[in-house]
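Welcome, and thanks for taking a look with me.

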Amino acid sequence: MSDLLIVVTVFLLVGLVLLPVGLFMTQKVVNLHALETAKDHLDLGISYIVVALELEALSEGRLRVSNHWIEDRLEAYLVEKAIDFESVEVVLLPRGGSLEGEVRLKLKVMDRFLGRGSLKGETYEIVRKIEVPVDR
Amino acid sequence: MPRLMNVTLPVTLIFALLVMVSLMVLVFGYLMVLNQHIEMIYMLRPYLYFLEDRGDLTEGQLLTLERRLEDLGLEDIEIIIEGGGGFGEKLGFEVTGQGEVSRFTGFLKVEKTPVTYHYRREVVVRRIVN
């Protein structure tokens with residue numbers, strides 16, 4: 001009977017600890033990978049839009065676009081890059097000779113990889129400060 | 001005659017343990033690939049900013065980048081920068097390298113299999129460079 005107890009104890013200690021630890025690690029690494037990829041594309045998307053805004057500002061002398069217009073373009077850019085996100089929020093306000101504000105991207109990772117419910121998804125918010133010079 | 005222990009439960013548990021360990025080794029291989037890719041992202045991110053600022057990388061930066069990718073364990077590294085020009089131009093930045101990952105190929109048999117790491121981003125030049 002003591003042999004059986006040893007086997008059961010080893011199984012419980014190694015097997016039942018190893019599996020949750022492995023799943024937890026997988027969840028964390030997959031989350032991190034998705035988050036870092038999203039950060040890259042968000043930064044590049046912001047640059048893309050800031051450049052477009054600067055060109056527009058230069059050509060027309062003043063800025064005629066709304067925050068919603070910027071949000072739509074940023075959303076389109078992220079969808080094109082296959083980033084799974086919940087919402088994009090842009091708040092830009094004129095200040096002196098420039099537009100200043102921030103971009104908030106909310107994204108929930110994991111669902112796309114392993115299906116809802118199998119592993120817990122995590123919601124992240126990436127915040128980026130931006131400044132668009134209007135008068136050059 | 002001595003009384004023998006019923007071994008059905010211990011044998012079943014040991015088999016279950018073996019299956020779990022095998023699964024974990026497979027997961028571990030996948031984790032290593034993802035981890036390598038995350039390290040690539042961290043390493044390449046500053047070069048995205050250099051590209052945004054100047055529209056190109058210098059010879060020194062390319063050499064440093066190649067050496068750092070080799071330090072990560074990648075071989076046959078290929079760095080391609082497509083396009084070019086000034087403010088508002090779009091550049092394709094692509095890095096490809098070969099790595100290795102351990103995988104189970106049979107009962108307690110582990111072999112190293114080649115893996116291709118690929119990183120591609122589109123960068124817009126956002127500074128006017130004279």
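1. A definition to begin with: a residue counts as buried if 20 or more other C-beta atoms lie within 10 Å of its own. By that count, buried residues make up 12% of the 130 residues in chain B. Please keep in mind as you read that this is a predicted model.

2. What is chain B built from? The chain holds two helices and three strands. Starting at the N terminus, the order of these elements in chain B is α-α-β-β-β.

3. Now for the overall form. Chain B has a radius of gyration of 24 Å, well over the 14 Å that the globule rule gives for 130 residues, so this chain is more spread out than a compact globule. Along the principal axes, the C-alpha atoms of chain B fill a box of roughly 95 × 25 × 15 Å.

4. Within the chain, consider the contacts in chain B with a separation of 6 or more: 57% of them are between residues 24 or more positions apart.

5. How many residues of chain B are in contact with chain A? There are 25, and they meet 25 residues of chain A. On the side of chain B that touches chain A, α1 (8-54) and β3 (109-124) of chain B each supply at least two residues. The largest share, 18 residues, comes from α1(B).

How values were computed. Residues are numbered from 1 along each chain as its sequence is written. Chains are lettered from A and ligands numbered from 1 in the order in which they are written. This is a predicted model: local features need pLDDT of at least 70, side-chain atom pairs count only at pLDDT 80 or more; totals for chains, interfaces and linings use all residues. Two residues are in contact if their C-beta atoms, placed from the backbone, lie within 7 Å. Helices (H or I, at least four residues) and strands (E, at least two) are DSSP runs, numbered from the N terminus. The radius of gyration is taken over C-alpha atoms; the globule rule is 2.2 Å times the number of residues to the power 0.38.
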